[in-house]
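Here is a short report on one protein chain. Keep the sequence and the 3D view open as you read.

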Amino acid sequence: MYTMTPRCQLRAPPPPRAATTTPPAPSFTTPSRADPDELRSTWQHRAWTLAGATAVLSSVTTSATTTSPTSIAEPLAASLLAYTLADLATGVYHWLIDNYGSPTTPLLGPQIAAFQGHHAHPSTITRRDFSNNLHSLARAVAFLLPPIDAALAAFTPDAASAHAFVGVFAASVAMSQQFHAWAHENPRRLPAGVAALQRAGVLVSRAAHAAHHREPYDCNYCIVSGVWNPVLDRYRVFLALEMVVFFRTGVRPRSWDQPDAAWTEVHAGDADGDGESE
Ligand SMILES: [Zn+2]
Ligand SMILES: [Zn+2]
């Protein structure tokens, strides 16, 4: 179902840096390896994850209880569409925070730092506790989904499909970090069902996501099923968006200037991130 596209080789070279353009965002220092305690779930992490799961459950339950037995196909189709579009949404978001802003950017700064830290230490995500990994996205779901469901109930006469769509979309986006962690996991440690879903293209595979962590670090951004990656990479959608941003604002995405400490993996014994073990 899923095939990788070597967009990296297809990509046109970025425009040369012009003296008059806005300088790129401040360069990242190499993120340090996470302390083991930073990978554990706190009660706040668990509370936000539970709140997000409750919001999703409420949305899906509302859909199920308002669906007539004769029209079950519509909510199911809406759910499939939501799962597919969630993959696209994670790709756009991942591309955005991988390439723009800095740890001091309002609102998104912690996420930008976390994703750049992930590029320096990719396997760390496999050692994070479940709620530690999901709580940020779950918190967004807990805040956003209930008012959306309330609006759908108030203004949409036949809202079963709409509730199914927003519930599955939110759940898929929130779970994307778990799917991402499984894409980094040693295949021998994966549950058999997860490995089967990865092989079937239902979940983003280890092989597909590995391309995102290799030079030139500008492809395979989607982390739900990965089904959008070949399309986005073949048609250079993100490069087109980067060009629009560059010519309108002069801001270069970080991927045009890689590899540097912001992207490259820090190996054990390479404390300074220069690629050489000490
Ligand atoms: Zn990334
Ligand atoms: Zn990754």
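In helix H4, the buried residues are Ile 112, Gln 116, Gly 117, His 118, His 119 and Ala 120. Keep in mind that this is a predicted model. What do the buried residues of H4 pack against? Their partner is helix H3, residues 73-99. H4 itself covers residues 109-120, twelve in number. From its first C-alpha to its last it reaches 17 Å, close to the 16 Å expected at 1.5 Å a residue.

**The whole chain**

The protein chain has ten helices and zero strands. Along the sequence the pattern reads α-α-α-α-α-α-α-α-α-α. The chain has 278 residues, and 36% of them are buried. Now take contacts between residues at least 6 apart in sequence: 73% of these join residues at least 24 apart.

**Helix H2 and its cover**

H2 has 24 residues, which should span 34 Å at 1.5 Å a residue. Its end C-alpha atoms are 34 Å apart, so the two values agree. Which residues of H2 are buried? They are His 45, Trp 48, Thr 49, Gly 52, Ala 55, Val 56, Ser 59, Thr 62 and Ser 63. An α-helix has 3.6 residues a turn, so residues three or four places apart point the same way. The cover over the buried residues of H2 includes H3, H5 and H6.

**H2 against H5**

Two packed helices are described by the angle between their axes and the distance between the axes. For H2 (residues 43-66) and H5 (residues 130-155), the angle is about 40° and the axes are 7 Å apart. The two helices are therefore oblique to each other. H2 passes H5 in a left-handed crossing. The residues of this contact divide into ten nonpolar, nine polar and three charged. On the H2 side they include Trp 48, Gly 52, Ala 55 and Ser 59. On the H5 side they include His 135, Ala 138, Ala 142 and Leu 145.

**A loop residue: Glu 185**

Where is Glu 185 found? It is in the loop between helix H6 (160-184) and helix H7 (192-200). Glu 185 has 19 C-beta neighbours inside 10 Å, so it counts as partly exposed. The cut-off for buried is 20 or more. Leaving aside neighbours within four places in sequence, Glu 185 is in contact with Thr 126 and Leu 190. Arg 206 is 21 residues away along the chain, and its C-alpha is separated from that of Glu 185 by 7.6 Å.

**The loop between H8 and H9**

This loop runs between helix H8 (206-210) and helix H9 (229-234), and Pro 216 has its place there. A cis peptide bond joins Glu 215 and Pro 216, with omega about 5°. Tyr 217 has a positive phi although it is not a glycine. Asn 220, also not a glycine, has a positive phi as well. Asn 220 is buried, with 28 other C-beta atoms within 10 Å.

| Residue | Phi | C-beta atoms within 10 Å |
|---|---|---|
| Asn 220 | about 55° | 28 |

Note on methods: Residues are numbered from 1 along each chain as its sequence is written. Chains are lettered from A and ligands numbered from 1 in the order in which they are written. This is a predicted model: local features need pLDDT of at least 70, side-chain atom pairs count only at pLDDT 80 or more; totals for chains, interfaces and linings use all residues. Helices (H or I, at least four residues) and strands (E, at least two) are DSSP runs, numbered from the N terminus. The expected span of a helix is 1.5 Å times one less than its number of residues. A residue is buried if 20 or more other C-beta atoms lie within 10 Å of its own, exposed if 12 or fewer, and partly exposed in between; C-beta atoms are placed from the backbone. Two residues are in contact if their C-beta atoms, placed from the backbone, lie within 7 Å. Axes are lines fitted to C-alpha atoms, for helices over the stretch in contact, and angles run from 0 to 180 degrees between N-to-C directions. Angles under 35 degrees count as roughly parallel, over 145 as roughly antiparallel, 65 to 115 as roughly perpendicular and the rest as oblique. A crossing is left-handed if the near helix is turned anticlockwise from the far one by less than a right angle, and right-handed if clockwise. Ala, Val, Leu, Ile, Met, Phe, Trp, Tyr, Cys and Pro count as nonpolar, Asp, Glu, Lys and Arg as charged, and the others, Gly among them, as polar.
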